[in-house]
Amino acid sequence: MNFDFLMGNGGIQFTIYIIVLLACVRPLGGFMARVYLGEHTFLHPLLAPLERLLYRLAGVDPEQEMDWKQYAAAVLFFGLGGFVLLYAILRLQEFLPFNPQHFAGVSADLAFNTAASFITNTDWQSYGGEATLSYFSQMTGLAVQNFISAATGMAILVALIRGFTRKKTPLIGNFWADMLRGNLYILLPLSLIFAVVFGSQGVVQTLKPSAGATLMESMSVPEQKYAQGNIAQQAQTVTEQSIALGPVASQVAIKQLGTNGGGFFNANSAHPFENPTPLSNFLEMLAILLIPAALTYTFGRMAGDTRQGWTVLAAMTIIFIPLALACIGFEQNGNPRLASLGIDQTMSPMQPGGNMEGKETRFGIVNSALWASATTAASNGSVNSMHDSFTPLGALVPMLFMKFGEVIYGGVGSGLYGMLIFVIVAVFISGLMVGRTPEYLGKKIQAFEVKMASIVVLAPHIAALLGTAVAVSVPAGVASIANPGAHGFAEILYAFSSAANNNGSAFAGLNANTPFYNTALGLAMLFGRYWVIVPVLAIAGSLAGRNTVPVSAGTLPTHTPLFIIVLVSVVVMVGVLTFVPALALGPIAEYFNLML
């Protein structure tokens, strides 16, 4: 593995990114804690009247709290409403305004997949945005769900925190109030700031139609086929280039901040209109992990012990940094097949070296691999390079981040409540080792919580592995593979891991825009989202109904380096042991094939 990049500009960029990210944790996390605790913030004089007006218009009493079943019902009902509305927008887009390209309505299977994708914060895209969706669909359909799905994840987290902190009550808060406050005070202001900055860097923001440019020389595009003989693209002669435009900056801001990831353009943040400069690239990468990392401090503040939040953040960072560095190192090491041909892949002042396939030269290997690590650690799914072109071991790192359950920072809200479930598992295992009833934040962890935690941990893994098994067993699944063998299997495994863990990134070699994959991946997204949310809320309700127990000499401290090691071990062991057989058939087998 090549770590020469650490001694130069690459090491400086990586270090600055981590330092800036961690420096933002306390101020942003403290602000979000004040929002959810109902305390006054500097935005309240401006936004509190709007908040009260929205409550009146919706007929919601923010002081009327819910038990966990009512909270879960509100989440499910709201998700269903969002799904139906988005599905209708996509199917009827040819009759709706702001459609200068006159795009037709989306097919039923693609509309189902896209609606499931965006309401679950996955943002998996089986289509090219600039060639498929109108501006209306992008703005009122996708962008709205980017805000709502992110705020929903944050609301679930806050409900779980209340479960730890409240005593002898069935109530865990009001979903409508939690969701609105997350949007109004956190996501909207941050998105406005980032959108303006992105616009200053050249990210386009317009309602004008696509621009046309006549080519100096026509270009013939030959017919392209998949490995099984299916025609992927008809032969054609191209004489004019269509330069796609649109309201991009506003969507990029929330796609990053809300760990959504769905790009306006098919190339996502590798597109120069979506990510034009080194500064925009740095800020978009920062936005991916900004809120998930800061929420750990929010948790500590709301729990009354900031040490607990720092402990969780430390565990996340201890896993993230070595794996991100490994991903960069594997990519910098290059392709052994090319090395055997005498091709120079060493880094020098004249060339970046390593594996530059699928990467933008303006970003290079370090920023491409760091982005790939951040986007899969955070269930964001946006890309500034093509993961399908990574080396086998370089691609293994993003896959591992997803297989850890998207809890290494994770999605907005969902990453931290997923990690807190692993905390419950770690506390339970530790309690068994010392022969005491496990406790966390003064609450005894009993059989019900452990059963619900098991469902949360296993549900996405079941969806990923079962979906992969079905896809490689039926003709409709195999027909979409463009690269047979170990890499083709890895493409399918990556797709279902991404969908079930609500990530949304992809190995682009798999043609997923088929009725089979649109339906199967859509179901995996829904299963991976709601079979996690409901048990998490059940845990919150169960814990809120209990009294706290006093700290004693036998209480396991959960803010020490020892507990961090235990927590890291549990996360890594569950993810690795669950997926080792599948990974051995995919990227690991592909790596050994390259070495032969």
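**Pockets, cavities and a helix pair**

Asn9, Gln13, Phe363, Val366 and Asn367 lie nearest the centre of the second largest pocket, which has 21 lining residues. A pocket is an open set of points on a 1 Å grid over the protein atoms alone, with protein on both sides within 12 Å along at least five of seven lines; lining residues have an atom within 4 Å of a point. This is a predicted model, in which local features need pLDDT of at least 70, side-chain atom pairs count only at pLDDT 80 or more, and totals for chains, interfaces and linings use all residues. Residues are numbered from 1 along each chain as its sequence is written, and side-chain values use heavy atoms, with hydrogens and water left out.

The second largest pocket has a volume of about 360 Å³. Volume here is the space filled by probe spheres set on the points, with grid points joined across faces, edges and corners. α1 (9–23), α10 (278–303) and α13 (364–377) each give at least two residues to its lining. Helices are DSSP runs (H or I, at least four residues), numbered from the N terminus.

The largest pocket holds about 740 Å³. Its lining has 32 residues, and Gln125, Tyr127, Asn266, Ala506 and Ala508 are the closest to its centre. The largest share, three residues, is from α6. By class, the lining has 14 nonpolar, 15 polar and three charged residues. Ala, Val, Leu, Ile, Met, Phe, Trp, Tyr, Cys and Pro count as nonpolar, Asp, Glu, Lys and Arg as charged, and the others, Gly among them, as polar.

A cavity is a set of points where a 1.4 Å probe fits but cannot get out. There are four cavities of 30 Å³ or more. Of its 22 lining residues, Gly405, Ser414, Pro460, Gly528 and Val532 lie nearest the centre. α15 (414–434), α16 (447–471) and α19 each give two or more residues to this lining. α15 gives the most, with six.

α19 also packs elsewhere. The axes of α4 (residues 68–91) and α19 (residues 515–544) come within 8 Å and cross at roughly 160 degrees. Axes are lines fitted to C-alpha atoms over the stretch in contact, and angles run from 0 to 180 degrees between N-to-C directions. α4 is therefore roughly antiparallel to α19 (over 145 degrees). The contact (heavy atoms within 4.5 Å) includes Trp68 and Tyr71 of α4 and Tyr530 and Ile533 of α19. Its residues are ten nonpolar, two polar and no charged.

Methods: Angles under 35 degrees count as roughly parallel, over 145 as roughly antiparallel, 65 to 115 as roughly perpendicular and the rest as oblique.
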